[in-house]
Amino acid sequence: MNIILLGPPGAGKGTQAQKLVETRNMVQLSTGDMLRAAKTSGTEMGKMVAAVMDRGDLVTDEIVIGLIREQLEAGGDHGGFIFDGFPRTLAQADALGALLDEMGQTLDHAVELEVNDDILVERILGRAAEAVAAGGTARADDNEESLKVRLMAYYKQTSPLLGYYYAKGDLTSVDGLGSMEEVEASIAGVLG
Ligand code: AMP
């Protein structure tokens, strides 16, 4: 089973993806994690995307589609892929459809985590404060300024995907505002 988790930054996509990895042996493909790893290890690509990411804008479709293609081609024995933070544009959605087709695979569900924008901002700024309090460092883009850009990128570039997957008959929306366990149960209800 292959699924997409859709929703704005801070909606809980990463947390829920992690749960599905644990409970269903699925593989989480987070383009954000892949890009942060490239940034940290200082690869050419990492250097290229660093400023764009810190600002909160989207990196090019070409880069993220390339990252996803590599992961899909790596294959392996598992319970399917969870696309987390990908696709984020219509071009990426089309590319994902084509890649899955090429591999003889299908997309089974696009699950939207519905949240309230005021709560998102609180969650993300809270996540940054917690990281610092724990002696670590916050994500470079977990600050008010980048957050505004990330939310705008979501509404301008990513939210059209809700209509795209609705029209394909793949979309289900769940309430993303409950506890972690409640959201997990709602997603389980969709996946069956
Ligand atoms: P995330 O961890 O999913 O919030 O992603 C962090 C940042 O990585 C985003 O703000 C973008 O700059 C970049 N990014 C992650 N995934 C994508 C994607 N699918 N398309 C374009 N940029 C992405």
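The stops below concern a helix, the aromatic rings and the ligand.

The model is predicted: local features need pLDDT of at least 70, side-chain atom pairs count only at pLDDT 80 or more, and totals for chains, interfaces and linings use all residues. Residues are numbered from 1 along each chain as its sequence is written, and side-chain values use heavy atoms, with hydrogens and water left out.

**Helix α8**

Select residues 160–168, which form helix α8; helices (H or I, at least four residues) and strands (E, at least two) are DSSP runs, numbered from the N terminus. The buried residues of this helix are L161, L162, Y164 and Y165. Here, buried means under 20% relative accessible area, exposed over 50%, and partly exposed in between, with a 1.4 Å probe and protein chains only. Viewed down the axis of α8, the buried residues fall within an arc of 165°, so they line one face of the helix; the arc is that of the directions from the helix axis to the C-beta atoms. Y166 and A167, on the other side of α8, are exposed.

Next, display the elements against which the buried residues of α8 pack: β1 (3–6), α5 (90–102), β4 (109–114), α7 (144–158) and β5 (171–175). Contact here means heavy atoms within 4.5 Å. After α8 comes G169, with a positive phi near 85°.

**Aromatic rings**

Four aromatic pairs are found in a search of the whole structure. Rings of Phe, Tyr and Trp (its six-membered ring) pair if their centres lie within 6.5 Å; planes under 30 degrees apart count as stacked, over 60 as edge-to-face and the rest as tilted. Select F81 and F83, a tilted pair with 6.0 Å centre to centre and 40° between the planes. Both F81 and F83 are buried.

Y154 is buried, at 7% relative accessible area, whereas Y155 is partly exposed, at 40%.

**The ligand**

Finally, select the ligand and the 15 residues around it, of which T31, R36, D57, G85 and Q92 come nearest; a residue counts as near if one of its heavy atoms lies within 4 Å. A polar backbone atom of G85 is 3.0 Å from a nitrogen atom of the ligand. A polar side-chain atom of R88 also lies 3.0 Å from a ligand oxygen atom.

Terms used
Polar contact = N/O pair within 3.5 Å; in protein donor to acceptor, adjacent residues only side chain to side chain.
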